Amino acid sequence: MTKKTGNDKEMGGENSRILPHTLRMVAWEVTRRCNLACGHCRASALRGPYEGELDTEECKRILDEIAAVGKPVIILTGGEPLLRPDICEIAAYGNGKGFRMVLATNGTLMTETVAENLIRAGIRRVSVSIDGPEAESHDSFRGVPGAFAGAMAGIAAMKRAGMEFQINTTITKANLSKIQEIHDLTHRLGAAAHHIFLLVPTGRGKEMADQEITPLAYEETLNWFYDVGLGCAIQLKATCAPHYYRIFHQRQKERRGATEGKPAAGEWGDPLHAMTRGCLAGSAFCFISHRGQVQPCGYLELDCGRLTKRNFAEIWNESPVFRDLRDLGGYKGKCGRCEFIRVCGGCRARAYETTGDYMAEEPFCIYEPGKVRQG
């Protein structure tokens, strides 16, 4: 780590080079098994089985350990988490610990009964991935005919059961021209939120590296997202797109003095939508694999510690990788000298996949820093 100066505050004041590390969100791959074979899948998930998946009691122990650190949102994901027969038991245990429990699914296994059981277990929201506005584009993306119809049926079942849901969309060259249509569909379905993800070429996604949109299209897409967020009736959030938070601040500065309307995307008080910073990996967020490996995020596959061998608090507080990511003084290239480093941070996974160095500059950012950051 970079040595702190007398002006640095370890818990992250305005002039601090060390980010605070209050745990706010954990994405937990409770299984790697999946009933689909999506081309962009971080986990390269298939039906399995996969060796070493944590059993029910191990999952409860880990929830106990997380509770000793904080009360983050826990995202139960996969693979397809609904393939775990004990998913409701795990959710109920986490709910009893005071976590906000949510679940990420492809929607095809959702029924009204499953949704009702999830509600009783304390699941507060379910995200469903929709990557095309109709069956042809979505099914092509997901790799399984009928995936779109299955997801729509799952959403309808959740609506009947009274489960709140959101739509997640991974943006690639294949669906970039359809993103407004997908957003419009999100509104028509009655979703509580629309979250967009920018493709990070890891796992099976490496085979789709040629489907990454260009850096210029990336910038234009995030500006579009800001624009649709103005006065939007649902909550919006950009994930794996840290540039958005720089764009947000730039655009908000432009709007100062204008008549105030509804907030732009990201200004909501909900913990799933609160304005924080771009890349949260290692500072407010971490990922747990199906085998209990703790990582900065699902796309940055660095072993920061195994929960089968070490306590969660020890890993979260002491991992050298996490300490690196919290130290803004260690960021390299134009990220290191950017005036937006605190609100953006660049995608550490994309930097790692491109250069082999997770502290390198974000390779898909076209912004040139306007001044040397004072540290």
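Buried here means under 20% relative accessible area, with over 50% called exposed and anything in between partly exposed, using a 1.4 Å probe and protein chains only. Glutamate 29 sits in strand β1, residues 25-29. Its side chain reaches the backbone nitrogen of histidine 290 at 2.7 Å. That is a polar contact, a pair of N or O atoms within 3.5 Å; within protein, one must be able to donate a hydrogen and the other to accept it, and residues adjacent in sequence count only if both atoms are side-chain atoms.

A word on what you are looking at. This is a predicted model, where local features need pLDDT of at least 70 and side-chain atom pairs count only at pLDDT 80 or more, while totals for chains, interfaces and linings use all residues. Residues are numbered from 1 along each chain as its sequence is written, and side-chain values use heavy atoms, leaving out hydrogens and water. Helices (H or I, at least four residues) and strands (E, at least two) are DSSP runs, numbered from the N terminus.

Now please find helix α6, residues 179-189. Which of its residues are buried? They are Ile179, Ile182, His183, Leu185, Thr186 and Leu189. They cover an arc of only 155° around the axis, so they lie on the same side of α6; the arc is that of the directions from the helix axis to the C-beta atoms. Their cover includes α5 (147-161), β5 (165-171), β6 (193-198), α7 (215-229) and β7 (235-239). After α6 comes glycine 190, with a positive phi near 85°.

Next, strand β6. How many of its 6 residues are buried? The number is 6. Ala193, His195 and Phe197 are buried on one side, and His194, Ile196 and Leu198 on the other. β6 pairs with β5 in the parallel sense over 6 bridges; two strands pair if DSSP finds at least two bridges between them. One partner in β6 is alanine 193, bridged to glutamine 166. The chain crosses from β5 through α6 to β6, a right-handed β-α-β crossover. Right-handed means that, with the strands pointing away from the viewer, the path from the first strand over the helix to the second runs clockwise. β6 also runs parallel to β7, joined by 5 bridges, and isoleucine 196 stands opposite alanine 238 in β7.

On to the cores. A nonpolar core is a set of buried Ala, Val, Leu, Ile, Met, Phe, Trp, Tyr and Cys residues joined through side-chain atoms within 4.5 Å. The largest one has 77 residues, and those with the most contacts inside it include Trp28, Val126 and Met158. Helix α5 gives the most to this core, with 6 residues. Apart from it lies another core of 22 residues, among them Ile196, Ile213, Val228 and Cys232.

Finally, two backbone details. Most residues other than glycine have a negative phi, and most peptide bonds are trans. Cysteine 240 is not a glycine, yet has a positive phi of about 55°; look for cysteine 240 in the loop between β7 and α8 (243-255). The peptide bond from glycine 78 to glycine 79 is cis, with omega near 20°, and glycine 79 is in the loop between β2 (73-77) and α2 (87-96).

Technical notes. Contact means heavy atoms within 4.5 Å.
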